[in-house]
Amino acid sequence: MLVPLAKLSCLAYQCFHALKIKKNYLPLCATRWSSTSTVPRITTHYTIYPRDKDKRWEGVNMERFAEEADVVIVGAGPAGLSAAVRLKQLAVAHEKDIRVCLVEKAAQIGAHTLSGACLDPGAFKELFPDWKEKGAPLNTPVTEDRFGILTEKYRIPVPILPGLPMNNHGNYIVRLGHLVSWMGEQAEALGVEVYPGYAAAEVLFHDDGSVKGIATNDVGIQKDGAPKATFERGLELHAKVTIFAEGCHGHLAKQLYKKFDLRANCEPQTYGIGLKELWVIDEKNWKPGRVDHTVGWPLDRHTYGGSFLYHLNEGEPLVALGLVVGLDYQNPYLSPFREFQRWKHHPSIRPTLEGGKRIAYGARALNEGGFQSIPKLTFPGGLLIGCSPGFMNVPKIKGTHTAMKSGILAAESIFNQLTSENLQSKTIGSDFERLKPAKDCTPIEYPKPDGQISFDLLSSVALSGTNHEHDQPAHLTLRDDSIPVNRNLSIYDGPEQRFCPAGVYEFVPVEQGDGFRLQINAQNCVHCKTCDIKDPSQNINWVVPEGGGGPAYNGM
Amino acid sequence: MAELRVLVAVKRVIDYAVKIRVKPDRTGVVTDGVKHSMNPFCEIAVEEAVRLKEKKLVKEVIAVSCGPAQCQETIRTALAMGADRGIHVEVPPAEAERLGPLQVARVLAKLAEKEKVDLVLLGKQAIDDDCNQTGQMTAGFLDWPQGTFASQVTLEGDKLKVEREIDGGLETLRLKLPAVVTADLRLNEPRYATLPNIMKKKIEVIKPGDLGVDLTSKLSVISVEDPPQRTAGVKVETTEDLVAKLKEIGRI
């Protein structure tokens, strides 16, 4: 299942260098050092190889059942759930009955949620004025707010004055996965039909081009793309309005941007990758309510990013910590995961973790583009909310409250129009282009993980609880199977083997002859979307795997 | 022939891919917020029941689970696979932690009589406690024949031919209905739980008291601990060294 990555990438790196030297010193007769044999087929997904042209699918019944609802929401995160709850609250207040269906690819609500997180409770309290009585998990008010600039050995404290955007007075440190799970219960209590374990795989359109709804994923397709005996089509959910709340860089949103040209008048979105761990620490190091942010080391002047370390107050001495690395970094040798691991060794961070135990790991891409990167949000038949279009307030380092607010506003604005057929539409260079070729950059020497504070990639991935049904087409699809080796590896030294926080992408030597091939370990995927964002060839297209697969985060 | 009714028991367990963590107070493992799913052997049992129904040999498949409110998710999965009705025997969370095979078997036996079923299907064991007892105990309470570790089930009139995977190989039994069968891995490959099926079906909630079952357990868990950390091995050069080392640690 999980293939030893370190062994192979080290070997691959050495081979690559040896071959590079060979290429530079041999005369003109030196052949192309990347594999010249036929490219082994990697991608089998039907979005790249349509089934209507595939002989193995002849005679298979492709009919889908359909259900009609008033509103269908894709994604049960803070935005999606806020919209669902608000819609039902309005329905009750106006004595109308509306059918709201919510589909979520995670097996349970909150399992794919990952965030720091420091919550500005404004929007949340608006939605749930009686949150305390209902037992919402807002248990840790922020009591201390610290900011520091790190150098390799020292920490320079920076005072946080009231009025600065990152001042956290009045905010709560939350385990967003638990909050989202609680919101899911509230939504169900209000009558929202919540369907975890079912991924929205396809957008459906009316003849006039407006959005009709979505279809959930098909099940029972083999790894090589052929149908299994258990093959079944997904369900179509038709709605008057479809709300897309897929989170940062959603895969259906990606299609909608193209179809409705929603990004015509905004800046391209820029992203970061956030890696996070939960640690149970020694009680004497525990300062519940403390919020710690740093910038600087280990990232260099050219790489945007910073860290967070939050002390939760929920019984046991738990801290949530992590590193965000801007995905506009230039050095293809950079590994966000390893930067995170070595950051933990800093003299100002390490003591907090000493004697503690790591209990969770995960990663997710997040938006950094800010206000100027917000696309047009509405289109005939639907709208986008939450981190999908990207409402994160970057200077405040918070996006959850804006996501919730966008959900609430969406619900309020569509509620009155639910009887109409179509909603009338009202409202940098991109990250993947920033990578420099590998020959212009120097490899980064990362320290080996010590197994106490820092860890290797595979044991971290195991801790995320991620898993997928093994026998299905890889959901990390390549438009062109030859590009990873011929372009990404040759020019950029295969950055995907470094930026993926789950070890999905490996360049392994081919069985016969010289050269490498890309191996995709789709089962490891934690659905962070970084590869779709950072691939310099934009060849990787992340599509949704069978619902229920993915990480099993608990209160991340 | 399609007058037979089947009761399938399903258990909600921690998902097999999740890393287990022992609770700090050592009374059990952390279950709060952890991903749970239907026990894989229970999925196989549900699949077998649904297949019998599709072959028109069985009229109704009832899925049942004992435990706290979250069990309804598991029953819903069974309904999504094709079961007709769901019954949730509700047990409050504190008591649910002490539910063991004996208690569940009592419940299933009473339910099987109440619902007048002809076949009780279960998974051979649960992946959290690995007890492998519930099916056998249920058969004992009902005084019904049992076919455990079934790798093939064939209905022949009012008899059930069950092929069992045992240590020595395969054993075939013929059981008179009503009977209890527990499913082993190779019985079938379960289908996916699809959305259209869950939308329409209902789950009935009852209390153990309604069945007249007493859930007290005579077992109590003293402590739960992590297995000891694996220590590094020692390499030796010669057999003499090996013998010396073994003597040193008192093994010979």
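1. Between chain B and chain A, 11 residue pairs, both at pLDDT 80 or more, are in polar contact (a pair of N or O atoms within 3.5 Å; within protein, one must be able to donate a hydrogen and the other to accept it, and residues adjacent in sequence count only if both atoms are side-chain atoms). The model is predicted: local features need pLDDT of at least 70, side-chain atom pairs count only at pLDDT 80 or more, and totals for chains, interfaces and linings use all residues. Side-chain values use heavy atoms, with hydrogens and water left out, residues are numbered from 1 along each chain as its sequence is written, and chains are lettered from A and ligands numbered from 1 in the order in which they are written.

2. The rule finds one salt bridge across this interface (a side-chain nitrogen of Lys or Arg within 4 Å of a carboxyl oxygen of Asp or Glu). It joins the side chains of B:Arg21 and A:Glu316, at 3.5 Å from N to O.

3. On the side of chain B that touches chain A, α2 (71-81) and α6 (195-200) of chain B each give two or more residues (helices are DSSP runs of H or I, at least four residues, numbered from the N terminus). The largest share, five residues, comes from α6(B).

4. That side of chain B comprises 13 nonpolar, three polar and eight charged residues (Ala, Val, Leu, Ile, Met, Phe, Trp, Tyr, Cys and Pro count as nonpolar, Asp, Glu, Lys and Arg as charged, and the others, Gly among them, as polar).

5. Chain A contributes 31 residues to the contact and chain B 24 (heavy atoms within 4.5 Å). About 2,200 Å² is buried between the two chains, 56% of it on carbon and sulfur atoms (accessible area, 1.4 Å probe, lost on putting the two parts together, summed over both).
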